[in-house]
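Subject: Structure for you to look at, with notes

Dear colleague,

Here is the structure I said I would pass on to you.

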Protein chains: 2
Amino acid sequence: MSETEHPADAGVTEVSELDEDDRLKPEFVRAVLDAVEDGDVERARDLVEPLHPADIADLFELTGHEDRASLAHALSGLVDGDVFAEMNDYVREDLIDALEPQEVADLAAELDTDDAVAIIEDMDAADQREVLRAMEPDDRAAIEEALSYPEESAGRLMQRELIAVPEHWSVGDAIDYLRHNEDLTTDFWEIFVVDSRHKPVGTCQLSWILRTPRGIAIADVMKREQTLIPVDMDQEEVALRFQKYALISAAVTDASGRLVGMITVDDVVHIIQEEAGEDALLLSGAGDGDINEPIRDSYTARVRWLIANLGTALVAATIITMFEGTISKMVALAALMPIVAGVGGNAGTQTMAVTVRALATNQLTRSNTWRTIRREIAVAMMNGLTVAVVIGTAVGLFYANPLLGAVIATAMLGNIILAGLSGVVVPLTLERLKLDPAVASSIFVTMMTDSMGFLVFLGLASASGLVG
Amino acid sequence: MSETEHPADAGVTEVSELDEDDRLKPEFVRAVLDAVEDGDVERARDLVEPLHPADIADLFELTGHEDRASLAHALSGLVDGDVFAEMNDYVREDLIDALEPQEVADLAAELDTDDAVAIIEDMDAADQREVLRAMEPDDRAAIEEALSYPEESAGRLMQRELIAVPEHWSVGDAIDYLRHNEDLTTDFWEIFVVDSRHKPVGTCQLSWILRTPRGIAIADVMKREQTLIPVDMDQEEVALRFQKYALISAAVTDASGRLVGMITVDDVVHIIQEEAGEDALLLSGAGDGDINEPIRDSYTARVRWLIANLGTALVAATIITMFEGTISKMVALAALMPIVAGVGGNAGTQTMAVTVRALATNQLTRSNTWRTIRREIAVAMMNGLTVAVVIGTAVGLFYANPLLGAVIATAMLGNIILAGLSGVVVPLTLERLKLDPAVASSIFVTMMTDSMGFLVFLGLASASGLVG
């Protein structure tokens with residue numbers, strides 16, 4: 001990668017620990033773990049000290065379950081709240097389990113509400129109570145309130161630390177307020193302007209404040225059209241809004257419209273990535289699909305799906321059984337039938353992946369449903385014709401049996417069109433029923449393309465007088 | 001959705017145009033298009049005027065290809081550069097094609113470099129030259145320089161409009177500079193501190209500037225550890241850095257380390273979403289998988305994949321053909337063999353989806369490759385045992401043939417373990433060969449699970465003395 005030639009590419013940590021893709025080098029990870037194993041805590045700490053919190057978090061993720069506790073012990077003090085906030089959920093749970101409630105409380109106290117909540121929300125109820133008891137009353141109240149909102153809602157995601165100023169202030173008032181109040185948060189990108197009932201009336205980017213003379217009223221600088229996030233909004237919806245309106249931060253309001261928190265884009269980026277990336281996992285039935293997930297959880301999630309898949313395969317087998325007489329007269333049919341089912345299944349998966357993605361990104365709505373269905377059928381017909389001609393010709397020639405070629409070509413065309421239709425209609429129907437189209441679509445679509453593939457091919461073979 | 005109860009949820013545009021998921025209502029889209037069709041331009045403009053640029057862009061995406069030009073004509077003036085910047089690539093190309101070079105040049109001139117480049121980069125060379133000729137020399141030079149960087153690189157993504165200050169300035173100097181220079185950009189979140197050769201030496205959040213007394217040196221406020229983005233870095237890598245280090249903006253440097261531009265998180269969010277979401281599309285061979293893509297392009301991308309799939313299906317068919325003698329003696333085998341192949345294929349897809357995701361997010365590196373392979377084999381063995389017991393018992397009882405049950409159970413166990421192994425090893429190998437694991441993995445894994453499924457099942461049936 002040519003970027004390594006740049007002296008400027010040193011980035012956050014020194015070049016030697018990170019490879020060209022900004023990942024910790026295996027040699028570095030090995031060196032740290034060797035030092036820990038040898039009891040050379042000093043050396044381990046020297047190695048890890050210069051790392052960015054995100055890289056220390058990665059170090060734990062790259063370390064096996066069995067070595068994490070001793071690594072954490074050796075690095076105590078370096079593994080602060082920021083490191084925990086950056087850590088993979090499963091790895092974090094693993095480590096948190098090894099800590100005393102007081103230690104967890106100390107870590108959480110360093111963090112903004114949203115990061116503290118992320119650490120505490122996955123603990124079991126008894127541990128949670130103990131940690132909360134060990135916290136300062138103020139922090140505790142903030143976290144308890146956050147935990148009172150539903151999981152994966154804006155209320156869990158927001159931080160309560162924000163800057164809100166009254167609408168009658170001038171720019172100068174706001175600057176003085178920021179300068180003279182030591183204990184305000186330092187990480188903010190916009191300030192929120194509120195009315196006397198603490199309802200947001202506008203947002204003001206810091207750059208505008210810096211570019212405006214002190215005497216101007218803040219109400220004349222702020223942007224009045226704002227995207228407000230209701231505190232119970234689902235995090236996926238929050239992520240879509242941030243993306244659509246290119247937000248850096250947004251005000252969170254309670255049921256009565258009062259400002260209760262702020263969400264910043266850096267907390268949303270993880271969600272955008274997770275929500276967009278989970279389609280592939282959900283479509284395959286791999287559950288959370290995290291390589292740090294405990295093996296038992298991965299097994300439970302995946303085997304359930306395989307058993308469901310076994311069910312649809314049995315339906316297909318039953319259809320084949322109905323045609324055992326036909327197959328026994330012409331065994332070549334047995335060799336050819338999986339082709340019709342398999343390629344059809346693949347065509348269905350393509351359409352399904354496209355539809356699920358378009359639904360997830362709000363590109364496919366009621367306004368363009370019919371256009372999209374017509375479009376997918378058109379693509380399916382073109383695909384079906386092409387594949388049918390190829391397979392029909394090949395089979396017809398190979399078996400020197402034009403009728404067999406015609407039968408498999410017709411079955412293939414029919415199955416690919418059916419695959420296209422079900423690949424778009426099944427996810428749309430599930431979405432309309434308020435179910436997640438990524439979760440259940442592929443079972444239905446596969447069942448359709450498998451069963452119908454066998455049925456149409458064997459049915460045509462039988463009806464066309466091809467056999468006996 | 002309870003969020004609609006909130007008066008505060010009015011968001012960016014008025015409630016009436018958007019549904020509860022923040023998408024334009026079909027009735028609204030219909031009303032605008034009806035007005036355009038009736039020649040009632042006034043009414044169409046009144047309806048669209050209050051919309052956020054992102055929603056105007058959505059309006060075009062939800063409108064069919066055939067109506068877009070007349071819509072654009074009716075809304076001319078309202079469809080500004082911001083709207084184009086928010087628009088889906090295919091829809092934008094569609095519209096840009098309908099405009100005169102001078103109109104495109106005027107649109108591009110309103111925008112930051114990155115957005116202007118996004119509009120111009122997809123035009124064909126002749127149109128691009130014409131548009132560039134119609135631009136102001138300054139804008140033109142900026143765009144031509146951006147276009148000189150590789151597609152999908154940081155150079156294309158960055159804007160040249162940024163704030164850079166010398167390291168010897170005080171906070172007060174920086175504030176005065178911002179206040180007194182009218183033509184500086186207004187959209188920035190951090191300022192970059194540079195040395196005398198214009199190399200970045202630190203970054204300073206605006207909140208720190210606002211919270212610090214004017215007399216303090218900027219060098220004492222800024223953060224020295226910064227994540228610098230080399231101008232030729234691939235956008236996927238840029239997105240991963242923004243995510244890993246929770247960046248709001250980052251300095252882009254050229255080969256000699258000089259500051260040449262800035263990337264802000266709102267431009268990266270789209271990439272994070274696209275890159276994370278494309279796994280499902282690539283794994284299924286659906287290409288770009290955009291519902292706005294021209295039908296011909298969708299056909300070309302998908303049919304190529306289906307033909308490749310047909311090839312792997314033919315390999316499987318050849319294996320079946322080798323066992324035609326066995327099948328003709330026991331036709332039930334023909335009904336059962338797709339079960340072994342199908343469930344195995346599904347298990348392979350699960351492991352593959354997990355592996356591809358872990359590779360894309362830099363969670364799976366050389367440091368934990370072996371641990372991950374061992375993990376996936378363990379999960380595959382547990383899945384395989386479970387499914388084997390279920391199918392073995394069912395088949396043994398249904399056919400009253402314990403040996404048949406044992407054969408299918410053994411084949412299933414073997415195929416699921418093989419699926420798990422290839423599901424993790426194939427993507428890892430492709431990644432090591434610098435190929436995109438999402439693009440090619442599933443062809444190999446499917447071929448493996450299909451062919452081996454048939455081979456192991458029919459081979460065992462034949463070798464076990466089950467038939468004849």
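Which residue of chain B comes closest to the rotation axis? Before the reply, please keep in mind that this is a predicted model. The residue is Ala280(B), whose C-alpha atom lies 2.1 Å from the axis.

**How the two chains are related**

Chain B can be superposed on chain A by a rotation of 180 degrees with 0.0 Å of shift along the axis, and the RMSD of that superposition is 0.1 Å. That is the relation of a two-fold axis. The copies meet through the same surface, because 100% of the interface residues of chain B are interface residues in chain A as well.

Once its neighbours within four places in sequence are left aside, Gln273(B) is in contact with Gln243(A), Ile272(A), Ala276(A), Arg357(A) and Thr361(A).

**Two helices of chain B**

Helix H16 (residues 265–284) of chain B also meets helix H19 (residues 332–360) of chain B, where the two axes come within 11 Å and cross at roughly 145 degrees. From the side of H16(B), the contact is made by Ala276(B), Asp279(B) and Leu283(B), while H19(B) brings Met352(B), Ala353(B), Val356(B), Arg357(B) and Ala360(B) to it. The crossing of H16(B) with H19(B) is right-handed.

**The sheet in chain B**

In chain B there is an open sheet of three strands, in the order E4-E5-E6 and with mixed pairing. Strand E4 (229–230) and strand E6 of chain B stand at its edges, and each has a single partner strand, so one side of each is left without a neighbour in the sheet. H15(B) packs on this sheet and touches E4, E5 and E6 of chain B, its direction making about 65 degrees with that of E6(B).

Strand E5 (residues 249–253) of chain B runs antiparallel to E6(B), and five bridges join the two. Within this pairing Ala250(B) stands opposite Ile263(B), and Ala251(B) has Met262(B) as its bridge partner. E5(B) and E6(B) form a hairpin with five residues between them, and in the turn Gly257(B) has a positive phi of about 85 degrees. Although E6(B) is an edge strand, strand E6 (residues 259–264) of chain B is mostly covered, with six of its six residues buried.

Helix H15 (residues 235–244) of chain B includes Gln235(B), which is buried at a relative accessible area of 10%. Apart from neighbours within four places in sequence, the residues in contact with Gln235(B) are Glu152(B), Ser153(B), Leu157(B), Ile271(B) and Glu275(B).

**The sheet in chain A**

Chain A likewise has three strands in an open sheet, in the order E4-E5-E6 and with mixed pairing. Here strand E4 (229–230) and strand E6 (259–264) of chain A are at the edges, each with a single partner strand, so one side of each is left without a neighbour in the sheet. Strand E5 (residues 249–253) of chain A pairs with E6(A) in the antiparallel sense over five bridges, and Thr253(A) stands opposite Leu259(A) in that pairing. Helix H15 (residues 235–244) of chain A lies across E4, E5 and E6 of chain A and runs at about 65 degrees to E6(A).

**Aromatic pairs**

How many aromatic pairs are there over all chains? With ring centres within 6.5 Å as the cut-off, the count comes to four. In one of them, the rings of Phe398(A) and Tyr399(A) have their centres 5.2 Å apart and their planes at 80 degrees, so the pair is edge-to-face. Phe398(A) is exposed, at 66% relative accessibility, whereas Tyr399(A) is partly exposed, at 25%. In chain B, Phe398(B) and Tyr399(B) also form an edge-to-face pair, with 5.1 Å from centre to centre and 80 degrees between the planes. Phe398(B) is exposed, with a relative accessible area of 66%, and Tyr399(B) counts as partly exposed at 26%.

With best wishes

Note on methods:
Residues numbered from 1 in each chain as written. Chains lettered and ligands numbered in written order. Predicted model: local features only at pLDDT ≥ 70, side-chain atom pairs only at ≥ 80, totals over all residues. Heavy atoms only, no water. Phe/Tyr/Trp six-rings, centres within 6.5 Å; stacked < 30°, edge-to-face > 60°. Buried < 20%, exposed > 50% of the residue type's maximum accessible area, 1.4 Å probe, protein only. Helix = DSSP H or I, 4+ residues; strand = E, 2+ residues; numbered from the N terminus. Contact = heavy atoms within 4.5 Å. Pairing = 2+ DSSP bridges. Least-squares fit on C-alpha atoms with pLDDT ≥ 70 in both. Axes fitted to C-alpha atoms, helices over the stretch in contact; angles between N-to-C directions. Left-handed = near helix turned anticlockwise from the far one by under 90°.
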